[in-house]
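Hi,

Here is the structure I promised to pass on. Have a look at it first, and then read my notes below.

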Amino acid sequence: MGQARIHDDFWNRYRDLVRGTVIPYQWEALNDRVEGAEPSHAIRNFRIAAGLEEGTFGGFVFQDSDLAKWLEAVGYSLASDPDPELERIADGAIELIAQAQQENGYLNTYFTIKEPGKSWTNLLDCHELYCAGHMIEAAVAYYHGTGKRRLLDMMCKFADYIEEVFGAEEGKLPGYDGHQEIELALVKLYEATGELRYLKLSTYFIDQRGQEPSYFMEEWERRGRMGYWQPGVKTRQPDLAYTQSHLPVRQQTVAVGHAVRAVYMYTAMADLARLNGDAELAAACRTLWGNMTRKQMYITGGIGSTHHGEAFTFDYDLPNDTVYAETCASIGLIFFAQRMLRLEARSEYADVMERALYNNVIGSMSQDGKHYFYVNPLEVWPEASCKNPGRHHVKAVRQPWFGCSCCPPNVARLLSSLNDYIYTTDEKERTVYAHLFIGSEGSFWLGDGELSLQMSARLPWEGHVQLDIRGNTAGESTLALRLPDWCGGQAQLAVNGQPVAYEMRDGYARVTRAWQAGDSVSWELAMKPTWMAAHPSVRANSGKVALQRGPLVYCLEAADNRSPLTALAVSPSGRLSEQLDNELPGGVIAIHGEGFVDPEATGDEQLYLPIESAGAAEPFTWKAIPYYLWGNRGEGEMSVWVRRTN
C-alpha cells in the first residue's frame with residue numbers, strides 16, 4: 001500500500017466522495033442513524049457483546065463484516081489523506097471491538113450474544129471465518145494506514161487461536177468456512193507480519209477444501225441435518241458446488257456456485273500460487289479465470305447470473321433482466337484479476353479489472369454516495385421489478401442501505417485502495433507495469449534502485465496517457481504499458497516526442513532504456529464508439545448489440561429515449577455522434593445515433609396483430625449514456641443490449 005498516489009480528474013471525484021461522504025455516511029448507517037434505511041445493528045451488536053448495553057443480536061449472522069470492511073476503507077483512506085477526526089472515530093470502534101473480543105482471541109458477536117458455546121459447530125452456514133477474515137483485512141489496512149498495531153495485534157491473537165482449532169493434526173477440526181475470505185486475509189496478515197504460520201494456515205484451508213470425506217457433510221450429520229437458515233427443520237444435504245467444496249480446488253475447471261465465495265477463493269489461490277511457487281494451483285487459476293471471463297461474465301464486468309443463491313449457472317446463461325451481478329462479486333473479480341497480474345502480467349487480467357471497475361462497480365453507487373445497488377442489471381423495467389416476484393431483486397433505484405449490506409462498504413474499501421491496482425513491478429526483469437491508466441505518481445524499487453514517475457491520463461473520455469520520469473537510480477529498466485482490448489490494437493508510443501519501436505509481450509508494449517529524469521513517454525490509444533455483439537450461445541442477446549467506448553459500456557435510459565425501450569432498434573451501420581453533456585454528473589461524453597422505433601399502440605383491444613396491421617417502424621434518434629450513470633435521474637427503464645436493424 002502507498003506504492004502510488006492518485007491525481008486524476010475522473011477518479012479524484014470518486015475518492016473525494018468516498019472520503020468526504022461515503023465513509024461518514026456509512027458510519028452513520030452502521031450506527032443505525034440513517035433515516036428511512038434498514039438498520040445495520042453492527043455497532044449495537046458489538047456494544048452488546050462488549051457488555052456495554054443489554055439486548056439481542058440483530059441482523060445477519062455475518063453482520064460483523066460490515067464494520068470490518070468500513071474500518072478497512074478507513075485504513076486505506078488515512079494512508080493517503082490523514083484525518084485526525086476520522087482516525088479518532090476509528091480508534092474508538094477498534095476499542096469497542098477489543099472489548100467484545102474473548103480472552104482466547106475469538107471474536108464474533110453472533111456467537112457471543114446468541115449462541116455462546118456453539119462456535120465452530122456450523123462452518124457451512126455461519127460465516128465465522130468469513131467475519132474473521134474481514135477483520136484481519138481491516139487490521140492490516142489500518143496498520144499500514146496509521147502505523148497503529150492495536151487491531152493488528154488483536155487479529156494476530158485471533159489468527160493464532162484459529163490455528164489452534166483448525167488443521168490436519170490430531171485433535172484439530174479438519175474444516176474450512178462456507179464463505180471463503182479467511183484464506184486471502186491470512187495471506188495479507190503473513191505479508192504484514194512476516195509470520196510464516198499464517199501463510200501455511202491459508203494454504204491448509206485451500207488444500208483441505210473439497211477433500212473426501214466432505215467436512216460439510218459430516219458436520220451436517222452431526223447437527224442432526226439441521227441448518228442455520230431454517231431453524232428446527234431438517235434440510236437437504238448441502239450443495240457442495242454452491243460453496244466450491246465439491247472437488248479439491250486444483251480439480252475445479254468451471255466457475256460454479258455463489259459468485260462472491262468463488263472469486264474470493266480464486267483470489268487466495270492466485271496469492272498462494274505466487275507465494276508458494278505452486279504451478280498446479282496457478283494452472284487451476286488460469287482455467288477458472290478462462291471459464292468465468294469468457295463464458296460467464298457480463299459485458300459490464302458483472303458475474304453471477306441468478307438471484308437463486310447469488311450464483312453462477314452455466315456457460316453463456318447471461319440474462320439481462322433477471323441478472324444478479326452482485327457488486328461484491330465484481331469487486332472480488334477485481335481482486336482476482338489483481339492477484340493474477342501479480343502472478344503473471346497478462347493484459348487480459350487488467351482488461352477485465354478495468355471493465356468491472358468502470359462499469360459494474362462505480363455504477364453500483366449513486367453520484368451522491370448515499371445510495372447503492374446490490375444487484376446490477378443490464379435491463380430494467382420498473383413495473384416488473386415492483387410487480388413480478390421473479391424480479392423483486394432487481395431494483396429500479398438505488399437503496400440507502402440494506403439489511404444485508406455487504407456491498408456498500410466493499411465499494412468504499414476498493415475505491416479507497418484504488419492506487420494499489422494501477423501498477424505492479426517485476427524486480428527480476430526490472431520492469432514497471434502500468435495496468436490501469438489513472439493519473440498518479442509513484443516510486444518503484446527495482447532491485448538495486450528506484451524509478452520514480454508520474455502518469456497523467458484523460459480516461460475514460462480520451463485515450464491519451466503520458467508518463468514523465470521524475471528520477472531513476474535503477475539504471476536500465478523497462479516500462480510496460482497495457483494495450484487495452486478496446487482500442488483494437490491502434491496505439492502510438494513516443495519517447496520525448498519521437499515515435500519509438502516497442503516490444504509487444506502478453507498484451508504490453510515494452511520500452512527498455514536507461515531512463516533519465518525529464519524523459520516523457522506518450523501512449524496514444526484509439527478511442528471510438530464500438531458496437532459489440534455477444535457470442536451466439538448467449539441467447540438473451542441474439543439479434544442485439546451493445547455500445548462501448550473506451551472502457552465504458554453505454555446504455556439507453558427512458559429519460560432520453562421513447563418508452564418502452566424494447567420498441568427501439570438501432571442501426572449499427574448508421575452515423576454516431578459524440579457530444580459532451582455537462583448536464584450529467586461530472587460532465588460526460590454521450591453518444592447519439594440513428595435507429596427505428598415501433599409505432600405506438602393505438603388501443604388496447606387486441607394483444608396480437610398481423611404484422612401488416614401493426615404499422616411501419618419510424619426513424620428515431622437515440623441517446624446513450626455511460627452505464628455507470630444510469631438511475632441517477634429518477635426511476636425509469638434502462639437497457640444495455642438493444643435490438644439491431646441490420
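**Two helices side by side**

In α3, the residues D66, K69, W70, E72, A73, Y76 and S77 meet P409, N410, A412, R413 and S416 in α17. Contact here means heavy atoms within 4.5 Å. Helices are DSSP runs (H or I, at least four residues), strands are E runs of at least two, and both are numbered from the N terminus. By class, the contact of α3 with α17 has five nonpolar, three polar and four charged residues. For those classes, Ala, Val, Leu, Ile, Met, Phe, Trp, Tyr, Cys and Pro count as nonpolar, Asp, Glu, Lys and Arg as charged, and the others, Gly among them, as polar.

Before going on, please note that this is a predicted model, where local features need pLDDT of at least 70, side-chain atom pairs count only at pLDDT 80 or more, and totals for chains, interfaces and linings use all residues. Residues are numbered from 1 along each chain as its sequence is written, and side-chain values use heavy atoms, with hydrogens and water left out.

Back to our helix pair. The axes of α3 (residues 64–80) and α17 (residues 407–416) come within 8 Å and cross at roughly 20 degrees. That makes α3 roughly parallel to α17. Axes are lines fitted to C-alpha atoms, for helices over the stretch in contact, and angles run from 0 to 180 degrees between N-to-C directions. Angles under 35 degrees count as roughly parallel, over 145 as roughly antiparallel, 65 to 115 as roughly perpendicular and the rest as oblique. The crossing of α3 and α17 is left-handed, a word used if the near helix is turned anticlockwise from the far one by less than a right angle (clockwise would be right-handed).

**A covered helix**

How many of the residues of helix α2 are buried? Six of the eight are, so α2 (residues 42–49) is mostly covered. Buried means under 20% relative accessible area, exposed over 50%, and partly exposed in between (1.4 Å probe, protein chains only). The buried ones in α2 are A42, I43, N45, F46, I48 and A49. What covers them includes α1 (9–30), α3, α4 (84–100), α5 (109–113) and α7 (128–146). After α2 comes G51, with a positive phi near 80 degrees.

**Salt bridges**

Side chains of opposite charge can pair when their charged atoms come close. A salt bridge is a side-chain nitrogen of Lys or Arg within 4 Å of a carboxyl oxygen of Asp or Glu, and the structure holds 50 of them.

One of them joins D351 and R482 (2.5 Å, N to O). This pair links distant parts of the chain: D351 sits in helix α15 (residues 347–363) and R482 in strand β8 (residues 476–482), 131 residues apart. Both D351 and R482 are buried.

Helix α15 also holds R355, while D485 is in the loop between β8 and β9 (491–495), so their pair ties together parts that are 130 residues apart in sequence. The closest N and O atoms of R355 and D485 are 3.9 Å apart. R355 counts as buried at 12% relative accessibility, whereas D485 is partly exposed at 43%.

Most residues other than glycine have a negative phi, and most peptide bonds are trans. Where does W120, with its positive phi of about 65 degrees, lie? W120 is in the loop between α5 and α6 (123–126), and at 8% relative accessibility W120 counts as buried. Y316 is not a glycine either, and its phi is positive, near 70 degrees. Y316 lies in the loop between α13 (279–295) and α14 (327–343).

The peptide bond from E212 to P213 is cis, with omega near 0 degrees, and P213 lies in the loop between α10 and α11. Another cis bond runs from L459 to P460, with omega near 5 degrees. P460 is in the loop between β6 (450–457) and β7 (464–472).

Cheers
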